[in-house]
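Colleague: I'd like to learn how to read a few features of a protein model. Could you walk me through them?

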Amino acid sequence: MNERHNTIHLLSRAAMDSAAPPGVPPATPSPAPQLAPSPAPPTSAPTPLPIAPAPAASTSAPAPKRYQKKPKQKKIDGLLAYTTSFVPGTYNVKIPAGDYLQKERNVDVARHISLERAKREQEEEKAQREEAGIAQQVNTSCPCDEQLLISTQNPLSNILIIHPGSRNLRIGLASSYYPREVPNCIARPTTAVNASGANPVPALGSRVKKIRSEGNKKRKREEVQSQDVSMDGGEEAPVDPVIEPIGYLRDYLRNRLVQERLTTDWRDTTRVKAANAKTKPELLPEHNDPYRVDWTEPEGKPFFIGNDALRLPENAGYTTRFPILHRTLNRRDWSSSQSLLDDISAILTTALLTELEIPPSKYSEYSVLFIVPDHGDRIYVQEMTHLILKVLGFKAIAVQQEAYCAIFGAGMSSACVVDIGAQQTSVTCVDEAVLQPETRMKLHYGGDDITSSLAHLLEQSSFPYRDLDLARAQDFLMMDNLKMKICTLEEHLVANTPWDFFVPRTEGLTQKWALRTFDENILAPFVFFDTRLIDFEEKKGQGSMRFWNTSDDKVSDEISSNYEEPTGAMRACTSHLLPAPVPIPPPATESISASSTPAPPPITENPSPEKSSTSGTPAPDVKPGTSSTPTPVLGSIPTMASLAPLPTLSARKVFEFSAHSPLDAAIAASIGMAGTENKMKSLSQSILLIGGSSNLKGLSAFIAERLPSLLRQKGGPGEVTIVPPPRGLNPKFVSWKGGSVMCHIESLQDMWIRRDEWEATGIRALKDRYMWF
């Protein structure tokens, strides 16, 4: 069998050699292999064929083998890749015991890499701007994109400033003079909101309205019953939380009018009620209606934001919510953190597209200056930074505080910044461009509380519009506009004054109502200085949810800032809640053992020369048998009461009760923590009022009148000066304008956090960049 196989192999090689093309020399013959002798066949064997020599191996390389490539499958991180659950990051198996990004030397490497990359990008942008400038000089008629040309010439056109508030969102380019203001709200279908498990949104003043309705039902039941109900057997009717505080405010107003010798006829209160009860609405024709509202058509869209969300009809089946509550994330009206951040992302994306015409595909070309509260929640800063850099994909971010930006917007170096917003008021002192952390105050009331108080006061005066419901967006906007129109703190305007307001209707014509007020428009702003009319119980209940994106226990333990800790000004406002200190008894005059160790005699001032020592020091006159050791006094022995630690309030109580402080007391406490007397004097003479609710008429003069007496109690000066914002600049845009001014300063370049640095180091970037964090 082997012989046959070798023979066939040699024949095939010979055939290949004979078929070689002409001109190719034959290969060098190689010796044929030795064949083993085979036994002779029994019959006559045929003539064997000639055996050709085996050719040598060809010099050309054999063809490479081709392997079929397997398609790469998409990597899926477990079974949770398409869910909203938290998926932990993969563990680095190459260095199971490594400490990468856990020590500062590793973080510095990642930071320097990011800075080098930023430097190269800046050089490339500078070269592009120079080339664009040369091209424009050479050919001015070049059909270039105007927006691209502006962006290459002005680097500030690539910086966005975002200042979110509880009611409005202010966004704009750093090169603009004014920002674009959008209502910071989103409307989603009610069925989707209920399916997510979110709690119903409470209306402003709903708790007081509920208590009033229960009290009215109780009184009606008592009127229907014929028999008398004893106090022990009957139920107590709920106490109206509005009537008693209104009485306190009226008494205060009357005393002030008497002091200023202003005469008023208090019988006008009854006349105002009678006139309002008889008022009927006037319908405005459609062609002559300047207050007509273009209502939003639902059209089955998944969500609406801004004015479109507020103009939805009541029967459209949508629920409007505000994602920022008290200048932090709204944990009350959302059931999960992911849905809350998704709605914030939708608001920002839609606002940038509709107001500034910036699509999401160009976010990587823009940097963001984000303005945060002076005293707030650290999680809010972390989550918003993660949202802007990772989710939306912006180029870089810089985070600054409101008061710090406000002094740049007002052109000041030192000021006591009082920011009165819609739901919260903050007081912060900035001395020589350095924010003083112990002077920060956070108050849980704002312009919305004046709106709610005005509604309660007008209802007591027979408000003609009986269907007022602050849960409806248009009714709330109507009352907010009426507040800015009629509310004042000038006491001489107490009189029977006529007003008018307009109520748009979804079905029908706009209604024009006539209104008369006596002192309601002055009592409503008094809630800033007497907070008993504010329902703080309604503001409780933030809810609880956990955020997973930027949680890092190791980094959180290293952060020791007081950004969300109680400040000295807050503790000063709550010092009256502490128990009185235990008085220390006066020291006793009698000794412990007078017989064994008597007290030494008093030393005379001019001793005799005979009893003086050689050194000139008078020698004590010691009698024999007595000791010169001083006797311990009973009062000098420490007792258990004196060694006990001083009583303090918990952080939760400090936050809760300091947030109820009147506005003037909060300003005095903040200035009192400034330090030296010179600092208190400079800050008291530069009080800056900003915020949307600071436009209230007479507010500056009222604060300047009440504040000096409070400052004198703290050892401060008696002179107070309220500094107005720059001419032509709305007070609610001062912080945003200050951020625009800061973008012109070169020192801001060290504050930018790039996206790649955030991906590598996380919240360590915030800790290293900002000392206040």
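Modeller: Glu 299 sits in the loop between strand 5 (282–283) and strand 6 (304–305); helices (H or I, at least four residues) and strands (E, at least two) are DSSP runs, numbered from the N terminus. This is a predicted model: local features need pLDDT of at least 70, side-chain atom pairs count only at pLDDT 80 or more, and totals for chains, interfaces and linings use all residues. Residues are numbered from 1 along each chain as its sequence is written, and side-chain values use heavy atoms, with hydrogens and water left out.

Colleague: Is Glu 299 buried or exposed?

Modeller: Buried means under 20% relative accessible area, exposed over 50%, partly exposed in between (1.4 Å probe, protein chains only). Glu 299 counts as exposed because its relative accessibility is 63%. Its phi is near 55°, a positive value in a residue other than glycine.

Colleague: And where is Arg 327?

Modeller: Arg 327 lies in the loop between strand 8 (324–325) and strand 9 (328–329). Its phi is near 60°, also positive in a non-glycine residue, but Arg 327 counts as buried, at 10% relative accessibility.

Colleague: Which residues line the second largest cavity?

Modeller: Among them are Ile 162, Leu 169, Asn 184 and Phe 370. Strand 1 (159–164) and helix 9 (337–355) each give two or more residues to that lining.

Colleague: What classes does this lining have?

Modeller: Ala, Val, Leu, Ile, Met, Phe, Trp, Tyr, Cys and Pro count as nonpolar, Asp, Glu, Lys and Arg as charged, and the others, Gly among them, as polar. Here, the lining has 9 nonpolar, 1 polar and no charged residues.

Colleague: How do I read "cavity" and "lining"?

Modeller: On a 1 Å grid over the protein atoms alone, a cavity is a set of points where a 1.4 Å probe fits but cannot get out, and lining residues have an atom within 4 Å of a point.

Conventions. 1 Å grid on protein atoms, 1.4 Å probe; cavity = no way out; pocket = protein on both sides within 12 Å on 5 of 7 lines; lining within 4 Å.
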